[in-house]
Amino acid sequence: MDTLAYLAQGFAVALEPQNLIVALLGAFIGTVVGLLPGLGPINGVAILLPIAYAMNLPPETALILLAAVYLGCEYGGRISAILLNVPGDAAAVMTTLDGYPLAKQGKAGIALSLSAFSSFMGSTIATIGVVIFAPLLAQWAVSFGPAEYFVLMIFAITCLGGMIGDKPIKTFICALIGLLLATVGVDSTTGVYRFTFGSVGLSDGISFIIIVIGFFSISEVLLMLENTRSGQKAVKAGGRMLFNLRELLHSLGAILRSGTTGFVVGTLPGAGATIASAMTYAAEKRIAGDEGKFGEGDLRGVAAPEAANNASACGSFIPMLTLGVPGSGTTAVMMGALTLYNITPGPMLFEQQPDVVWGLIASLFIGNIILLLLNIPLVGVFARLLSVPSWMLVPFIAVISLLGVYAIYGSTFDLLLAVALGVFGYILRKLDFPLSALILGFVLGELMEENLRRALSISNGELGILWQSPISMTLWALAVAMVLLPALRWLRKKIKS
């Protein structure tokens with residue numbers, strides 16, 4: 001009953017006129033950003049984060065805006081995947097496999113409307129899961145001490161390398177770069193300057209906003225400059241624009257299974273929507289067997305990954321809110337937004353900031369309804385946006401990003417640093433390094449150091465405290481398993497071949 005009372009309190013916050021307008025605006029912007037190939041949810045949230053903070057929005061309003069953008073990007077990614085065969089972000093890659101063949105068959109409208117409904121169902125399943133499981137996990141997480149939190153963050157970083165697939169080494173390297181960047185500035189305990197190279201601009205460390213804008217927005221601008229044409233011509237979303245009952249019933253099992261699986265995957269630190277969509281697509285293909293037409297235009301091949309990636313996006317809020325560990329690269333950015341407002345994510349957040357937590361959770365329900373109402377009637381409008389050439393988008397994104405950096409502190413040094421990090425990020429992306437791991441490493445770096453020092457202070461410097469409790473031992477075992485997972489996967493492929 002307490003949960004329902006808190007949820008009602010959250011709806012009271014989310015239904016305030018200002019927050020409703022912000023949710024509608026964020027949903028629209030997120031859909032537009034999501035459908036533009038290459039941008040994705042991290043860039044959408046990164047661009048709006050400094051603007052929201054500079055406008056002095058209340059923390060709950062800022063989070064509602066960023067959450068609406070996040071979900072909107074997951075919705076929007078399917079539009080370019082189906083009409084252009086170019087995914088809006090990595091999570092929509094699996095949608096191209098059947099979405100584009102359906103579009104070429106004249107069923108673009110059916111595929112787009114069913115994918116929007118699947119996204120809605122996946123998000124709804126996951127949001128109900130957040131309501132049920134987040135408070136329970138928060139109560140359990142109260143038993144975590146500094147040692148347990150340190151090991152939890154080790155586990156989160158190993159999850160990245162164990163689950164990314166064929167790039168575990170590059171993933172770990174990116175996470176370590178993020179950890180290194182987190183150490184720049186004055187040591188809060190000793191007062192020693194670290195890695196500042198005598199620069200006054202680095203004495204307070206590197207701002208989270210500079211990291212996000214540099215590595216994601218600026219690097220994306222540089223990538224877009226490589227191709228300044230409008231690109232491939234989109235398939236027109238003509239014909240029947242709405243799926244029928246038979247098509248819905250044919251795909252309903254895949255939607256429900258994939259939504260549930262996506263939620264579970266999303267709760268794992270660092271797993272993300274890309275893994276969820278790939279897992280569920282493969283699972284539904286196996287379930288369909290020889291009767292399925294996966295890869296040739298099967299509606300279940302669109303419904304499953306779309307339900308999964310949206311469910312995973314909502315599920316990733318659970319570790320962020322309850323454990324203070326981001327569940328994905330985008331929630332890492334949102335976790336950074338909380339720290340800008342001097343709010344510490346974790347189990348005590350539910351008691352100390354109930355309006356923020358439950359307002360955010362309630363806004364997920366409202367945002368999903370807004371997105372469903374936006375995405376089905378406005379498919380034609382969104383599809384026309386795909387014709388906007390990159391040479392028009394590049395200066396717009398660059399100006400908005402740099403204005404966001406400058407608006408926070410008014411420092412030209414920050415602008416130069418953001419550009420420098422953007423060039424570095426561009427090089428990493430060209431070498432196929434996953435930057436989401438870098439942002440997770442940066443967010444976790446300060447927390448890891450702080451909890452390690454507190455744990456060693458409690459134990460008078462004895463390292464044994466890091467594996468004394470059952471929780472710590474379990475997390476260490478899981479971390480080792482995640483480190484070994486890529487090697488086992490490689491060995492399994494070798495044996496099969």
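Where does Asn 342 lie? Asn 342 is placed in the loop that runs between α14 (329–340) and α15 (349–352), where helices (H or I, at least four residues) and strands (E, at least two) are DSSP runs numbered from the N terminus. The model is a predicted one, in which local features need pLDDT of at least 70 and side-chain atom pairs count only at pLDDT 80 or more, while totals for chains, interfaces and linings use all residues. Residues are numbered from 1 along each chain as its sequence is written, and side-chain values use heavy atoms, with hydrogens and water left out.

Most residues other than glycine have a negative phi. Asn 342, however, has a positive phi, near 60 degrees. With a relative accessible area of 72%, Asn 342 is exposed; the classes used here are buried (under 20% relative accessible area), exposed (over 50%) and partly exposed (in between), with a 1.4 Å probe and protein chains only. Phe 195 also shows a positive phi, of about 55 degrees, although it is not a glycine. Its loop connects β2 (193–194) with α9 (208–225), and at a relative accessible area of 46% Phe 195 is partly exposed.

Helix α12 comes next. This helix covers residues 299–315, 17 residues in total, and reaches 24 Å from its first C-alpha to its last. That span is close to the 24 Å expected at 1.5 Å a residue, the expected value being 1.5 Å times one less than the number of residues. Because 17 of the 17 residues of α12 are buried, the helix is largely enclosed by the rest of the structure. At its N-terminal end, α12 is capped by Asp 298, a side-chain oxygen of which lies 2.9 Å from the backbone nitrogen of Arg 300.

Thr 95, in helix α5 (residues 93–104), is buried at 0% relative accessibility. Glu 449, a residue of helix α20, is partly exposed with a relative accessible area of 21%.

Ser 469 sits in the loop between α20 (435–458) and α21 (470–496) and is buried, with a relative accessible area of 16%. The side chains of Ser 469 and Ser 472 are joined by a polar contact of 3.0 Å (a pair of N or O atoms within 3.5 Å; within protein, one must be able to donate a hydrogen and the other to accept it, and residues adjacent in sequence count only if both atoms are side-chain atoms).

Leu 488 belongs to helix α21 and is exposed at 52% relative accessibility. Together with Val 480, Leu 484, Leu 491 and Ile 495, Leu 488 makes a nonpolar surface patch of about 490 Å². Such patches consist of residues with over 30% relative accessible area and no salt bridge, with nonpolar side chains (Val, Leu, Ile, Met, Phe, Trp, Tyr) joined within 5 Å and like charges within 9 Å. A salt bridge is a side-chain nitrogen of Lys or Arg within 4 Å of a carboxyl oxygen of Asp or Glu.

Finally, the structure holds zero disulfides, a disulfide being a pair of cysteine sulfur atoms within 2.5 Å. Cys 314 is buried at 0%.

Note on methods: Accessible areas come from the Shrake-Rupley method with a 1.4 Å probe; for residues, only the protein chains shown count as cover.
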